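Good morning. Please have the sequence and the model open while I talk.

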Amino acid sequence: MSTINSEPRMASLLEWLGTCSPSLGLDSTSLAPASSDASFRRYFRIEAAQGTLVVMDAPPPKEDCRPFVDVAHRLAAVGLNVPTILAQDLAQGFLLLTDLGPTTYYDSIQAGVTDASLQAMYRDALAALVQMQAADATGLPIYDTVRLKDELGLFIEWYVSVHCKVSLAPAALEGLNQVFDLLVTRNAAQPRVLVHRDFHSPNLMRCERPEHGANPGILDFQDAVSGPITYDLASLVMDARTTWEEPQQLDWAIRYWELARKNGLPVPADFADFHQDYEWMGLQRNLRILGVFARLNHRDGKAAYLAHIPRVNQYVRQVAGRYIAFKPLLRILDELDQVQTKVGYTF
């Protein structure tokens with residue numbers, strides 16, 4: 001949970017809740033932490049007349065509630081199960097939301113779930129993804145070549161230089177930048193749709209009770225952009241927090257591709273072309289994530305993210321090892337892994 005002005009903000013939050021409609025029946029004494037994330041946002045549950053509600057605390061100027069409100073309306077408009085905004089104070093960064101339940105996909109997987117239940121959950125998620133890609137993306141930030149290339153800089157800055165303590169030779173750096181340019185060019189050329197950016201198990205709620213709505217509930221969509229159509233599929237099947245072996249990735253990718261074609265989404269007619277699209281997008285995303293997780297540890301003191309680095313590294317290697325164009329990247333990964341062992345990092 002964020003400690004930025006935590007006590008003054010709590011007083012302001014309680015005061016704001018007191019101004020909300022009495023018909024909601026809010027019991028401020030029941031306010032309890034629900035979760036926090038990699039940003040400065042944090043969440044609370046509160047008892048209300050019709051059950052529990054969720055309070056979002058997004059402290060300005062670190063966070064901005066307006067994108068959440070905007071994207072929530074876009075997703076609700078195509079029938080997706082997202083929190084309904086019951087009250088808001090955008091200036092202070094407070095939202096009162098309906099509760100989509102206590103259990104994420106990630107929670108269910110960690111607790112142990114049968115394969116039949118898992119497959120049903122992910123079929124629902126794939127259907128929701130296709131539904132989401134029909135949402136209006138007009139006016140959202142564009143995931144263009146500049147932004148895609150900039151994000152890859154996190155891999156060099158935070159993972160290579162800070163985490164692995166390696167300074168790449170000029171020739172290796174040049175080879176890596178050629179790989180980056182190749183990735184960015186292909187990925188930016190994909191058809192654009194609304195992209196959630198973190199469509200994976202921690203942000204999908206397993207909704208099994210009627211009051212929580214249809215499965216899955218979708219959270220953490222405030223960073224949505226207009227971007228490559230394969231981005232969210234890559235997020236789902238190469239989940240940074242849950243290891244999916246390649247046969248399972250492929251099964252879900254085929255199911256998505258068939259559903260997307262059926263619904264008229266602009267995916268390639270040949271699955272082989274689509275497979276390369278989403279793998280290259282996944283490689284780009286996971287290189288960025290290595291940089292992000294290293295930064296969360298070294299800059300923000302959130303060491304828990306280190307536990308996921310080996311999984312993400314393996315996803316990167318899975319794709320990098322399949323295409324000749326990525327040999328320069330593979331050589332760098334080999335060097336980095338040797339350095340990690342040498343200096344005694346353990347994960």
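In which loop does lysine 165 lie? Lysine 165 is in the loop between α5 (145-163) and α6 (170-188). Helices here are DSSP runs of H or I with at least four residues, strands are runs of E with at least two, and both are numbered from the N terminus.

Before going on, a word on the source. This is a predicted model, so local features need pLDDT of at least 70 and side-chain atom pairs count only at pLDDT 80 or more, while totals for chains, interfaces and linings use all residues. Residues are numbered from 1 along each chain as its sequence is written, and side-chain values use heavy atoms, with hydrogens and water left out.

Back to lysine 165. Its phi is positive, about 60°, although the residue is not a glycine. Most residues other than glycine have a negative phi, and most peptide bonds are trans. Lysine 165 counts as exposed because its relative accessibility is 56%. The cut-offs are under 20% relative accessible area for buried, over 50% for exposed, and partly exposed in between, with a 1.4 Å probe and protein chains only.

Arginine 197 also has a positive phi, near 90°, and is not a glycine either. Is arginine 197 buried or exposed? With a relative accessible area of 9%, arginine 197 is buried. Arginine 197 sits in the loop between β6 (192-195) and β7.

Serine 201 is in the loop between β6 and β7. Serine 201 counts as buried because its relative accessibility is 0%. Leaving aside neighbours within four places in sequence, its contacts include Thr104, Tyr122 and Asp239. Contact means heavy atoms within 4.5 Å.

Now the cis peptide bonds. One joins proline 60 and proline 61, with omega about 0°. Proline 61 is in the loop between β3 (51-57) and α2 (66-77). Another cis bond joins asparagine 215 and proline 216, and there omega is about -5°. Proline 216 lies in the loop between β7 (204-205) and β8 (217-218).

Helix α10 covers residues 309-320, which is 12 residues. From its first C-alpha to its last, α10 reaches 16 Å, close to the 16 Å expected at 1.5 Å a residue; the expected span is 1.5 Å times one less than the number of residues. Among the buried residues of α10 are Ile309, Asn313, Tyr315 and Gln318.

Helix α11 (residues 327-343) holds aspartate 334. At 34% relative accessibility, aspartate 334 counts as partly exposed. Arginine 317 is 17 residues from aspartate 334 in sequence, and their C-alpha atoms are 9.7 Å apart.

Finally, the whole protein. How many helices and strands are there? The protein has 11 helices and nine strands. The C-alpha atoms fill a box of roughly 65 × 45 × 40 Å along the principal axes. Of the 347 residues, 52% count as buried. Among contacts with a separation of 6 or more, 71% are between residues 24 or more positions apart.

That is the tour.
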